[in-house]
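Colleague: I would like to learn how to read a protein model. Could you take me through one, feature by feature?

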Amino acid sequence: GTPIHLVRNERYWGLAPAFDRLVFQEISSDKARLATFRNGQSDLFSASPEQYRELIKDPSLMSHVQKFEYENMLGGYRFVAWNELNPLFADKRVRQAMTLLLDRQRMIQEIQYGYAVLATGPFNPQSKQYNPAVTPWGYDVAAAQKLLAEAGFKPGADNVLYSPNGKRFEFKLTYPAGASNYDQMALFMKDAYAKAGMILKPDPLE
């Protein structure tokens, strides 16, 4: 949490940088970062889709800031890592079903406000490694239910899915706390999986 100050080396032999000082301040909360930017206490702010949507509606802010929309080659991607040490996810068909149960295109439109593309792997669509011939997995509840049934999962009297050894399909989803975008995705996933008889417990951690 301590600010990091980088000071220009005046004895450097080459072309001097434009700035004489750079200050980096770690702020873990999305809301606090946004407030710092609005108050003029920070010079650069990478907004989440919902924050950007609200910021550009503020004429008093837009009068003295510059905004840029771009695809970042280093922007990374969102993914879920299913822990295969958990017996619920040991079968590949279950993990495939978890993808089919998520309407990811709807998540892009409703949670990311269209500022995202459906991933087919870890490579950015602008990179040479990206293969445009790879087709993204779609949203197919019927196919997911078929895979779960093949893996031996059956609904119980309480409408909850049970594994072949009688374990309820209940698990925690751990994700970074303090980011409303992650909260929205976790709740979306909770609702989507609940319709298939799965119990997702959001587990936000610092």
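Modeller: Start with a term. Buried means under 20% relative accessible area, and exposed means over 50%. Partly exposed is in between. Keep in mind that this model is predicted.

Colleague: What percentage of the residues of the chain count as buried?

Modeller: Of the 206 residues, 27% count as buried.

Colleague: How many helices and strands are in the chain?

Modeller: Seven helices and six strands. Along the sequence, the pattern reads β-β-α-α-α-α-α-α-β-β-β-α-β.

Colleague: And how do I judge contacts along the chain?

Modeller: Check how far apart the partners are in sequence.

Colleague: Which residues of H7 are buried?

Modeller: First the general idea. An α-helix has 3.6 residues a turn, so residues three or four places apart point the same way. Now the case here. Asn181, Met185, Ala186, Phe188, Met189, Ala192 and Tyr193 are buried in H7. Seen down the axis of H7, these buried residues fall within an arc of 160°, so they line one face of the helix.

Colleague: Which residues are buried in helix H1?

Modeller: In H1, residues 30–38, look at Asp30, Leu34, Thr36 and Phe37. They are buried. Down the axis of H1, the buried residues fall within an arc of 160°, so they line one face of the helix. What covers them includes H2, H3 and H7.

Colleague: Next, rings. How many aromatic pairs does a search of the whole structure find?

Modeller: The search finds 12. To sort a pair, check the angle between the planes. Planes over 60 degrees apart count as edge-to-face, and those under 30 as stacked. The rest are tilted. Take Trp82 and Tyr193. Their ring centres are 6.3 Å apart and their planes are at 65°, so the pair is edge-to-face.

Colleague: Where do Trp82 and Tyr193 sit in the chain?

Modeller: Trp82 is in the loop between helix H3 (59–62) and H4, and Tyr193 is in helix H7. The pair links distant parts of the chain, 111 residues apart. Trp82 counts as buried at 17% relative accessibility. Tyr193 counts as buried at 0%.

Colleague: Can you show me a tilted pair?

Modeller: Phe153 and Phe169 form one, 5.5 Å centre to centre, with 50° between the planes. Phe153 lies in the loop between helix H6 (141–150) and strand S3 (154–155), and Phe169 in the loop between strand S4 (161–162) and S5, so the pair ties together parts that are 16 residues apart in sequence. Both Phe153 and Phe169 are buried.

Colleague: Which residues form one aromatic cluster?

Modeller: Trp82, Phe89, Phe153, Phe169, Phe171 and Tyr193.

Colleague: A charge can also sit over a ring. Which residue lies over the face of Tyr182?

Modeller: Arg78 does, at 4.3 Å from the ring centre.

Colleague: Last, the backbone. Which way should I read phi?

Modeller: Tyr113 is not a glycine, although its phi is positive, about 55°. Tyr113 is found in the loop between H5 and H6. Its relative accessible area is 28%, so Tyr113 is partly exposed.

Colleague: Asn159 also has a positive phi, near 65°. Is Asn159 buried or exposed?

Modeller: Exposed, at 64% relative accessibility. Asn159 lies in the loop between S3 and S4. Gly156 is placed in the loop between S3 and S4 too. Gly156 is partly exposed, with a relative accessible area of 22%.

Notes:
Residues are numbered from 1 along each chain as its sequence is written. This is a predicted model: local features need pLDDT of at least 70, side-chain atom pairs count only at pLDDT 80 or more; totals for chains, interfaces and linings use all residues. Side-chain values use heavy atoms; hydrogens and water are left out. Buried means under 20% relative accessible area, exposed over 50%, partly exposed in between (1.4 Å probe, protein chains only). Helices (H or I, at least four residues) and strands (E, at least two) are DSSP runs, numbered from the N terminus. The arc is that of the directions from the helix axis to the C-beta atoms. Rings of Phe, Tyr and Trp (its six-membered ring) pair if their centres lie within 6.5 Å; planes under 30 degrees apart count as stacked, over 60 as edge-to-face and the rest as tilted. A charge sits over a ring if NZ of Lys or CZ of Arg is within 6 Å of the ring centre and within 35 degrees of the ring normal. Contact means heavy atoms within 4.5 Å.
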